[in-house]
Structure formats: structure tokens, C-alpha cells
Amino acid sequence: MRRLRKRSLQPLFTENRLDVHDLVMPVFFDETAENPVPIPSMPGQYRYPVSMAGAVARDIRRDGLEAVILFGIPKKKDAAASGAAAADGVIQQAVRAMKGAEPGLVVMTDVCACEYTDHGHCGIVGDTPCGPDLLNDPSLDLMAAIAVSHAECGADIVAPSCMLDGMVGAIRHALDAAGHADIPIMSYSSKFCSGLYGPFRDAADSGFSFGDRSTYQIAPANGREAMRESMLDEQEGADILMVKPASWYLDIIANVKTLGMPVAAYQVSGEYAMIKAAAGQGWLQEKTVVLESATCIKRAGADLIITYFARDIARWLR
Ligand code: PBG
Ligand code: ZN
């Protein structure tokens, strides 16, 4: 085997190469911020004020990246998530400003309500025979309204992450009816109920006040269930399937890939925080580990990698 591992021959036989086109940078916009606010559990990441959206778009393009996914923190939260679909909501403003500054930047938006609800769950909550819980069908109209409002502002791809049954179908229907038949849906189809979202919930101020997300997100033990959900989302009209988190779920990425759809993988906040924490201690070499993790996510089958390291990777690749 070592004949082909000679240094001079290694590049010829490299099976997978990271490419800047594979990367999507998540960005947080905070309606209450006046300056970039550092996120303590995600060193190097910030919540940006909406007034900086154009500048952020230009900086990201300058790093060579082509795509972002946006998350918003509204001024005010309520039970109905009324900030989420507002025409002048934080994400709606950010999308307009980013597309205005950098029309060529692909702007994806997270479609969910957990940053906008006062209880922190991903949609409308109400009483059920098993106690208070996320209500499925009453939340679908809200998701459809959020997705349409993002598309109206110029979002290129909408990415519903609430894990409601029927969410992709409801959003597809609403987008088509509103004249946005050309806007693709990237479904968070294999979204696991993971402890690795902890730092994100600090960042987006989206921790929940009761219960957990296990009545809508998939249990980490359930790989076949992720395939069923992926196939349903495909039938409902998803254009891209997502697996989230990424590094502990490479088997899911490889299995979902067999469906033949484009696959995105989300290296989540906890994966970022673990690497940052160990690297900060000098226990891991950050660049080596980050490039290894992203390459392995690609090897597993991801066409797109959503990662907080996207800007670093883009700079290292140049
Ligand atoms: C919203 C959403 C979450 C993430 C992306 N979209 C949080 C959650 O489900 O609690 C997590 C991203 C990350 O941890 O980086 N539904
Ligand atoms: Zn949510």
C-alpha cells in the first residue's frame, strides 16, 4: 500500500477534497445588539446587529464563501412567535441587507420558531393528553408564513428545522401559492435530539422553559427512523435533506445519501465548542482537527457542510 503513499503521489490518489463551494456559514443576527456580541460558549462567534448585515455579507464573500444560513434573535418573544414571520423581523431585515450588499451570496434561512417563542419550543404549544407539548398542525401555518416571509425578502433557500410532521409539504404548498415555486427547501430531516445544541441555545437564547425536544426530534439511537423521515420529506417536496449533528452521525449521512438526494450535514455548536475548548487548552491542533472533521463529513457523503468553521476552512483552503 505504501507505493501510492509516497509524498509525491499522495495528491493523485486523494479520494475526497474539501472545496469552498461545500461550505455554509451560520450567522446570528440579534435585533437587540448594537455591536457584535461574543458568544461565550462558541469562541470566535458573534451575534451581529442587523445594521452590520451588509458588512458581514461582504466579509464572508471576501473569505471566498458562497453561502450562509441565518438565525435571528428578536427584540421580543411571545407564545405565538409573532416576530418570526414579521415583514420587518430581524431575519427579514438581515436577508434584505445581505442580498442588497452581495446579490451573489446564497442566503439560506432557518425556518423555526424557537428563537421567537417565550417558552422556547419550535412552534405553537398547548395542552395534550400527555401534558403541554408542541402542537403539530397548529404550528404548520406558522412555519409556512415564516418561510414565505423569508422568500419575499430574497432568501435563496429556506431550511425548516422544527421537525413537525408535514412541515415540508405545508411550506412547499405555501411557497408555490405565493409565487415562490422556484425556492428550494432544505429540510432538517434527520435532526436528532442532541445534547450538542447546548451552545446554540445560549447563542440564540432559545432554551426551553419546560420539557425537551424529544417529542419532535429523533432519538440518537434511531437510524431507521431517520431514513423514514428523510423519505417522507422527499415525498413532501424537499430538495435537500439534512443530517444534524454531523460527526457522531456519519452513518446516517452515508445512509441518507443512498436516497439520491443532495445531502447537507450540520456540524453543530457543540461540535464546534468541543474542538475550540480542546484547542484552546493546547490539547488538540485546531486546524488539523477541523480539516479532518470536515473532510470526514464529506467522505461520509455530505454535499454541503454547514459549519461555524466555514470561514476558517475557506481561508485555509486558499
Ligand atoms: C432551531 C435550531 C437549532 C439548531 C439549528 N436550528 C437548535 C435546537 O433545535 O435546539 C442547532 C444548531 C447548533 O447547535 O449549532 N430549531
Ligand atoms: Zn426550533
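Reply: A polar contact, as used here, is a pair of N or O atoms within 3.5 Å; within protein, one of the two must be able to donate a hydrogen and the other to accept it, and residues adjacent in sequence count only if both atoms are side-chain atoms. The model is a predicted one, in which local features need pLDDT of at least 70 and side-chain atom pairs count only at pLDDT 80 or more, while totals for chains, interfaces and linings use all residues. Residues are numbered from 1 along each chain as its sequence is written, chains are lettered from A and ligands numbered from 1 in the order in which they are written, and side-chain values use heavy atoms, with hydrogens and water left out.

Ligand 1 has 19 residues around it, and those that come nearest are Lys191, Arg201, Lys244, Ser269 and Tyr308; a residue is near a molecule if one of its heavy atoms lies within 4 Å of it. By class this shell holds eleven nonpolar, three polar and five charged residues, where Ala, Val, Leu, Ile, Met, Phe, Trp, Tyr, Cys and Pro count as nonpolar, Asp, Glu, Lys and Arg as charged, and the others, Gly among them, as polar. The side chain of Arg213 places an N or O atom 3.0 Å from an oxygen atom of ligand 1, a polar side-chain atom of Ser269 is 2.7 Å from a ligand oxygen, and for the side chain of Tyr308 the corresponding distance is 2.6 Å. The protein buries 100% of the 400 Å² that ligand 1 exposes when taken alone, with areas taken from the Shrake-Rupley method and a 1.4 Å probe.

Ligand 1 sits in the largest cavity, a cavity being a set of points, on a 1 Å grid over the protein atoms alone, where a 1.4 Å probe fits but cannot get out, and a molecule sits in one if more than half of its atoms lie within 2 Å of its grid points. Strand S9 (186-191) and helix H5 (198-203) are the elements that give two or more residues to the shell around the ligand; helices (H or I, at least four residues) and strands (E, at least two) are DSSP runs, numbered from the N terminus.

Pro245 belongs to the loop between strand S10 (240-244) and helix H7 (250-257). Most residues other than glycine have a negative phi, and most peptide bonds are trans. Asp205, although not a glycine, has a positive phi of about 55°; Asp205 is in the loop between H5 and helix H6 (223-236), and counts as partly exposed because its relative accessible area is 45%, the limits being under 20% for buried, over 50% for exposed and partly exposed in between (1.4 Å probe, protein chains only). Ala81 likewise has a positive phi of about 55° without being a glycine, and is found in the loop between strand S4 (67-73) and helix H2 (90-101), where Ala81 is buried at a relative accessible area of 1%.

Ala177, in helix H4 (residues 167-177), counts as exposed because its relative accessibility is 67%, and its C-alpha atom is separated by 9.5 Å from that of Val148, 29 residues apart along the chain.

Technical notes. On a 1 Å grid over the protein atoms alone, a cavity is a set of points where a 1.4 Å probe fits but cannot get out, and a pocket is an open set with protein on both sides within 12 Å along at least five of seven lines; lining residues have an atom within 4 Å of a point.
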